[in-house]
Amino acid sequence: MHKKLRTTFGLVLGLALLSTPLALHAENGLFSINKDQVLGNRLIEVLEQLHYKKLKVNNDLSKNAFQEFIKKMDFSKQFLYKSDVKKLEKYELLMDDEMRSGNYKLVLDAMKIKVDRINQADELRKKLFKENKFNFRGNEVIELDPEKRHFAKDKSEFEKNWRLTFKQSVMARYISIKEDQEDLKNGKNKKDKDKKEKKSKKKLESEKILTEKEILAKAHEAIDKKYRLYFERLLKERREDYMEIFYNSIGAVFDPHTAYLAPKKKEDFDIDMSGQLEGIGAVLSEDEGYIKVVEIVPGGAAWRQKELEVDDLILAVSEGDSKEEPVDLVGMRVDDAVRYIRGKKGTVIRLHVKKADGTRKTIGITRDVVKIGASFAKSSVLELDGVKGKYGYINVPKFYREFNGTINCTDDVRAEIKRLKKQKVNGIILDLRNNGGGALTDAQLMSGLFIKKGPIVQTKNYMHQVETLADTDPEVEYDGPLIVMVNRYSASASEILAAAMQDYKRAVVVGGEVTHGKGTVQVVYNLDQGLDKMLGEKFGALKLTIQKFYRITGGSTQYKGVTPDIVIPDPMAYAENREQDLTYSLKWDQIKPKKFQKWTKHQYDLKKLISNSKKRVAKNDRLQKVQESVDYLRKRRKDTKLKLNIDSWMKEEEANKKKLEELKLDEENTKLTITHFEESLKSHETVKKGEEKQWKDDFKQRKEEWVSSLRKDAGLEEAIHIMRDMIDQLKK
């Protein structure tokens, strides 16, 4: 949940500028400013003055931050020796002092140590893969859970740990290739079959049936290359990357959502919140050191240009009018690569790509605004055989708001409600599952679409002042039966809306055992204000927690989350990533409740709804499979040791594969009819002249994917049944 800080903190900014000591260094008669010192002091002042916890950046905080620093620098405990950690412990109480002085000795020493250890691991890689003597028949065991590992006590243990890591990776790749070979033999590899026509003879020849020796050699070669590129990437990390780890270790002790955003990270944050960017309109990922195209965004620049395709590898990029050498993207992280590809609307980017058939091509694309369609609200009309009535369904993937634009999720949901009302639906299901939050304003305004007026949420700020955010508009956009769906990934704004609808008795909340439990407000404090012009430097921003949410009944949504009225099996219930699972998360508490008028138009017998749902869930094979899958995955999570014996591993993998196949949740319910979604899917999109046919073909595929996803959703099916029960109760 985020807000934008504007002039509100102008006074604080002025104080910070006045109180921050500046280190002036004289060189050739000129003075320069220590940027690190300015930034460090600025962060301390903003954190101490504005963060909800009101902690002091002192020795006690430094001690905890040091542990976070070590964890973030080597989370997997693969690089550092125990002696390395011991050596760095001399800075344990000095992180606060280093921020004030601008002399970051911890960063320099830590960087040197890690670079040495990366090189040491890489030398071992060269040696082991050259010898090629991994024994896959022994009884060695590797611990996969970093929290259960310990740092190596000496060189011998360091090398043993890396040898087991390489060995485990080769075995995993061997099994993967082996499975592909079985698919190839049996002709079951549909993905390759579909692409067969696009591949050259050279590519097809590479898919020949391999001997056992060739499979093993291919696995060795692939893993050798994977780790070579991985180490190369780590060695490219700069001092600035380690400084980010330092600052974020300080922020983590305040709470899990407080983080320093370097200038490039600040750009990513703004894109995520607005749902659009200026670029080529392609979704990219890392694939063994290469930047791979995994999706072409409909309506985007690449989609219009038609030459860039899924599975293309982008090797390098250059500006259209630049005479400089192209920037090599091989081995680069995808977030860094994306920054070279983005640019101003109307400018040309030249992509040097390797096609799936092995040919190389240079593609020129004119950048344009790309709206990320998956971010926006969508709706459909649902009808289920055997269940009387038509039901509206609105999916809100996040609470988005274009800060300096016109796009926001409240207006979009209002438009979807109007579309559904035209179809005379009997009830509406608002789906907030997997919605991690977003703009606080929209949690407030969207709640107002369903009630006359009244308080929505209470906030308590860093000065412990309580404020009530209310719906003041008596207009109700939709006053019919309402279900709000949630799961453990529903957080922040989703929990505010779900809690308000539950407290008003306006909706029946349906979902997994509990929501995420993120009941805090973050602001993004622009650290460049005033300093960029004075110093000519970019400092980035600080995302920090300044408020805590409380329901209108007084209890916080923080830590405990929202418990649904009706609990149904949640496919993600096995994950341990709720707020209460995070270190330094703010705890639950309560304040005074607010007076409010509960919804009286619809009243339900909740006990009867729960009883009916439980009976259906017990008889629903798909939902029972969901619960069985959760139980199985929870059990597997606890089993973190792996025996590195190829025979036992393959036997276990086969059993696991068979079990997961049994528990697969991709069965479609063809009795569910989905209609009236075309207009919704096209929202925020414009079909330009000459693109009609291409758009039509792409849109057909997107419609099929939308229908398929809803038909596979067993939880949604149960929500329809619950809605029917609600309507039947109202009739009685």
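**Entry 1: ground rules.** I worked from a predicted model, in which local features need pLDDT of at least 70 and side-chain atom pairs count only at pLDDT 80 or more, while totals for chains, interfaces and linings use all residues. I numbered residues from 1 along each chain as its sequence is written, and I used heavy atoms for side-chain values, with hydrogens and water left out.

**Entry 2: the chain overall.** I looked up the secondary structure and noted 24 helices and 25 strands in the protein chain, where helices (H or I, at least four residues) and strands (E, at least two) are DSSP runs numbered from the N terminus. Of the 732 residues in the protein chain, 51% are buried; here buried means under 20% relative accessible area, exposed over 50%, and partly exposed in between, with a 1.4 Å probe and protein chains only. The chain exposes about 35,900 Å², and carbon and sulfur atoms supply 50% of that area, as computed by the Shrake-Rupley method with a 1.4 Å probe, only the protein chains shown counting as cover for residues. I also noted that, among contacts (heavy atoms within 4.5 Å) with a separation of 6 or more, 78% are between residues 24 or more positions apart.

**Entry 3: salt bridges.** How many salt bridges does a search of the whole structure find? I recorded 45, taking a salt bridge as a side-chain nitrogen of Lys or Arg within 4 Å of a carboxyl oxygen of Asp or Glu.

I first followed Glu140 and Arg163, whose side chains meet in a salt bridge at 2.6 Å, N to O. This pair links distant parts of the chain, with Glu140 in the loop between α6 (105-131) and β4 (141-143) and Arg163 in helix α7 (residues 155-186), 23 residues apart. Glu140 is partly exposed at 26% relative accessibility, and Arg163 is likewise partly exposed at 26%.

I then turned to Arg367 and Glu319, which form a salt bridge at 2.8 Å, N to O. Arg367 sits in the loop between β12 (360-366) and β13 (368-371) and Glu319 in strand β9, so the pair ties together parts that are 48 residues apart in sequence. Arg367 is buried, with a relative accessible area of 2%, whereas Glu319 is partly exposed at 31%.

For Lys153 and Glu157, I noted a salt bridge at 3.7 Å, N to O; Lys153 counts as exposed at 55% relative accessibility, while Glu157 is buried at 14%.

**Entry 4: charged patches.** I looked for patches, made of residues with over 30% relative accessible area and no salt bridge, like charges being joined within 9 Å. Asp621, Asp666, Glu667 and Glu668 gather in a surface patch of negative charge. Within that group, Glu667 lies in the loop between α21 (646-662) and β25 (672-675) and is partly exposed at 47% relative accessibility. A patch of positive charge on the surface gathers Lys608, Lys615, Lys619 and Lys732. Lys619 belongs to helix α19 (residues 606-619) and is exposed, with a relative accessible area of 72%.

**Entry 5: single residues.** Is Lys460 buried or exposed? I found Lys460 in strand β17 (residues 454-461), where it is buried, with a relative accessible area of 13%. Leaving aside residues up to four places away in sequence, Lys460 touches Tyr52, Gln465, Val466, Ile546, Gln547, Lys548, Tyr550, Asp589 and Ile591.

I checked backbone angles as well: Lys424 has a phi near 55°, a positive value in a residue other than glycine, and lies in the loop between α15 (409-422) and β16 (427-431), exposed at 67% relative accessible area. His464 also is not a glycine and has a positive phi of about 65°; its place is in the loop between β17 and β18 (466-471).

Last, I looked up Ser322, which is in the loop between β9 (313-319) and β10 (327-328) and is partly exposed, with a relative accessible area of 30%. The C-alpha atoms of Ser322 and Ile349 are separated by 9.6 Å, and the two residues are 27 residues apart along the chain.

Methods. Patch = residues over 30% accessible without salt bridge, like charges linked within 9 Å, V, L, I, M, F, W, Y side chains within 5 Å. Lys, Arg positive; Asp, Glu negative; His and termini not counted. Charge placed at Lys NZ, Arg CZ, Asp CG, Glu CD.
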